[in-house]
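Please read it alongside the sequence and the model.

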Amino acid sequence: MRIVAIGAHLDDIELACGGTLALAIQRGHEVLMVIAAGGPDLGYDNAILRTSEQSALEAEAAAKVLGVEQLIRLDFPVKDVPYSSETVESFDKITKKFKPDLIFGHWPFDTHQDHQRTALASISASRYFNSILMFEPITPAGRSYIGFRPQMYVDITSTIDIKIKALKTHRSQYERYGERWLEAVRARANHRGFEMGVQYAEAYEIMRFEMKL
């Protein structure tokens, strides 16, 4: 199976579906990670929170931990990823060439504007594909007025430690948010795991899904 995961920022995919991707790699599936925003991470006062070079190194290290060998980083601006024909066509070009069987993307009711617009652009670019799953946001990005609906679960008990290790390679984010960040990620996976009767899981909302019998 060929899988594409599309994220706005350089740690979004690991946060949302890192355990699933690591498991997919272990099972012999082909995975491509696509990142929309490639510029520096800036604060509200334009202070540089993470340089472009630092982001790239962290993203490559995290992908390596997950076992993902294919990573495409686009150059849309952090905080201002547009929902535009340019973004849609950028994703369109990638998906048409890679021909994925399954696409992971942001949930469109996420409270981060980049996540919202990346979600909409990826949905538009996925119009010719039959299986699209939207991953669950984590606080503060997930504090929406619309509730996320977990409809599909993946048991990541065997890969939760790989997911956490991948997130730790995003050192700038780890230093920014601290150990409680990772505790929250693990706790959510534990909660979703409890819902499906395993120790750890990742949950997805289905946009559409093709059942292959």
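**Notes on the model**

1. Arg-192 is buried, with a relative accessible area of 9%; buried means under 20% relative accessible area, exposed over 50%, and partly exposed in between, for a 1.4 Å probe and protein chains only. This residue lies in helix α7, residues 179-196. Helices (H or I, at least four residues) and strands (E, at least two) are DSSP runs, numbered from the N terminus. Not counting residues up to four places away in sequence, Arg-192 touches Glu-136, Phe-148, Pro-150, Tyr-153, Ala-201 and Ala-203, where contact means heavy atoms within 4.5 Å. Arg-192 and Pro-150 are separated by 42 residues in sequence and by 8.6 Å in space, C-alpha to C-alpha.

2. On the basis of the values: this is a predicted model, in which local features need pLDDT of at least 70 and side-chain atom pairs count only at pLDDT 80 or more, while totals for chains, interfaces and linings use all residues. Residues are numbered from 1 along each chain as its sequence is written, and side-chain values use heavy atoms, with hydrogens and water left out.

3. Helix α1 covers residues 12-26, and its end C-alpha atoms are 21 Å apart, which agrees with the 21 Å that its 15 residues should span at 1.5 Å a residue. The expected span is 1.5 Å times one less than the number of residues. As for burial, α1 is mostly covered, with 13 of its 15 residues buried. Gly-28, which follows α1, has a positive phi near 90 degrees.

4. How do α1 and α5 pack? Their axes are 8 Å apart and the angle is about 125 degrees, where axes are lines fitted to C-alpha atoms, for helices over the stretch in contact, and angles run from 0 to 180 degrees between N-to-C directions. That makes α1 oblique to α5: angles under 35 degrees count as roughly parallel, over 145 as roughly antiparallel, 65 to 115 as roughly perpendicular and the rest as oblique. The crossing of α1 past α5 is right-handed; a crossing has this hand if the near helix is turned clockwise from the far one by less than a right angle, and is left-handed if anticlockwise. On the α1 side the contact includes Glu-14, Gly-18 and Ala-22, and on the α5 side it includes Ile-162 and Ala-166.

5. Helix α2 (residues 52-66) also packs against α5 (residues 160-168), at an angle of about 165 degrees and with the axes 8 Å apart. That makes the two helices roughly antiparallel. Here too the crossing is right-handed, with α2 passing α5. Ala-62, Val-65 and Leu-66 of α2 meet Ile-162, Lys-163, Lys-165 and Ala-166 of α5.

6. The axes of α1 and α2 come within 9 Å and cross at roughly 40 degrees. The pair is therefore oblique. Glu-14, Gly-18, Ala-22 and Ile-25 of α1 make the contact with Ala-59, Ala-62 and Leu-66 of α2.

7. Is Ala-59 buried or exposed? It is buried, with a relative accessible area of 3%, and its place is in helix α2. Leaving aside neighbours within four places in sequence, Ala-59 is in contact with Leu-10, Glu-14, Leu-71 and His-170.

8. Most residues other than glycine have a negative phi. Lys-79, although not a glycine, has a positive phi of about 80 degrees; this residue lies in the loop between β5 (70-76) and α3 (85-98) and is partly exposed, at 29% relative accessible area. Lys-99 has a positive phi of about 55 degrees and is placed in the loop between α3 and β6 (102-106). With a relative accessible area of 56%, Lys-99 is exposed.

9. Ile-146 is found in the loop between β7 (132-135) and β8 (152-155). At 31% relative accessibility, Ile-146 counts as partly exposed. Apart from neighbours within four places in sequence, Ile-146 is in contact with Trp-107 and Phe-109. Ile-146 and Pro-108 are 38 residues apart in sequence and 10.0 Å apart in space, C-alpha to C-alpha.
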